[in-house]
Amino acid sequence: MVFGRGRDAAVQEPPVETVAWQTVWTFVIGSVERPETPRRKRTGWGPRAVRVPRGGRNDLVLAPCAYVGTAAGTGPDSATGPARPELTLYEDAAARRLLCYVEEPREADGERHHVVRDGRGEVLGTLRRLPPRRPFKHTWRLDQPGRPEITGRNAWASGSAREVAGRAAGRLATALADGLFRPGDGGDLPASPRTLEWRAADETVMVSEGSEKVSIRAEWLDRRLAFAFALVGDD
């Protein structure tokens, strides 16, 4: 009798193909290529990459669309010196076709500027981290040439003053009900990856959950700028 076959046997799945980065709407950054599903009992790993969900509930994969540089490689030269590998993206796993990279940050008028360049060294845009203004954390601005300024704000703090107050009260009430926050103990609301709405005037351009999960809403947004934000991180 032969054991180890049937339902528990490993299922051979086809290779996960790279998808075109220009077509991305939602992505994460990571090394998980095949997450566990009801039919897949083991996680499958791949190189660290910008990854796009594909497939259904049982055959979900996170397909790469751009590959993060590794410490073994060398980042491209930029106006402020060599770019760090972890802030560099390639179109191929072999790191031969440079897609974009983020320069070392510069301080300007209290802001931290991250210039993003394409594979030819041309400027794609700039991420600007603005210092915090209490009671809020720092905010972001995204400059894409030829487009209006994009502002990244806490999702619960977007909208009219009345809407903001209502969301803040609800957030506090939830934290109190969960026993996660006690007034007077010097603490703050529980720390968790914040959701940012990135808006240009009245248009929602992008939504980010922490630094890794990003959903693009505007067709005109250069995906490489969204990738760059995820690489830099919402620190």
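The legends below describe close-up views of a predicted model. Local features require pLDDT of at least 70 and side-chain atom pairs pLDDT 80 or more, while totals for chains, interfaces and linings use all residues. Residues are numbered from 1 along each chain as its sequence is written, and side-chain values use heavy atoms, with hydrogens and water left out.

View 1. Strand β9 covers residues 111–118 (strands are DSSP runs of E, at least two residues, and helices are runs of H or I, at least four residues, both numbered from the N terminus). Seven of the eight residues in β9 are buried (buried means under 20% relative accessible area, exposed over 50%, partly exposed in between; 1.4 Å probe, protein chains only). β9 pairs in the antiparallel sense with β7 (residues 98–102) over three bridges; two strands count as paired if DSSP finds at least two bridges between them. C100 has D118 in β9 as its bridge partner. Antiparallel pairing also joins β9 to β10 (residues 123–130), over six bridges, with V116 partnered by G125.

**View 2. Hairpin turns on either side of β9.** Two residues separate β8 and β9 in a hairpin, and D109 in the turn has a positive phi of about 55°. A108 stands opposite E111 in β9. The hairpin of β9 and β10 has four residues between the strands, with G121 in the turn at a positive phi of about 90°.

View 3. The structure holds 15 salt bridges (a side-chain nitrogen of Lys or Arg within 4 Å of a carboxyl oxygen of Asp or Glu). One of them joins E103 and R117 at 2.4 Å, N to O. E103 lies in the loop between β7 and β8 and R117 in β9, 14 residues apart; both are buried. Another joins E111 and R128 at 3.1 Å, N to O. Because E111 is in β9 and R128 in β10, this pair ties together parts 17 residues apart in sequence. The relative accessible area is 16% for E111 and 11% for R128.

**View 4. The E149–R141 salt bridge.** The closest N and O atoms of E149 and R141 are 3.8 Å apart. E149 is partly exposed at 39% relative accessible area, whereas R141 is buried at 18%. Salt bridges with shared partners join E111, R128, R141, D143 and E149 into one network.

**View 5. Surroundings of A49.** A49 is in strand β2 (residues 44–54) and is buried, with a relative accessible area of 0%. Leaving aside residues up to four places away in sequence, A49 touches V28, I29, G30, P64, A66, Y67 and V68 (contact means heavy atoms within 4.5 Å).
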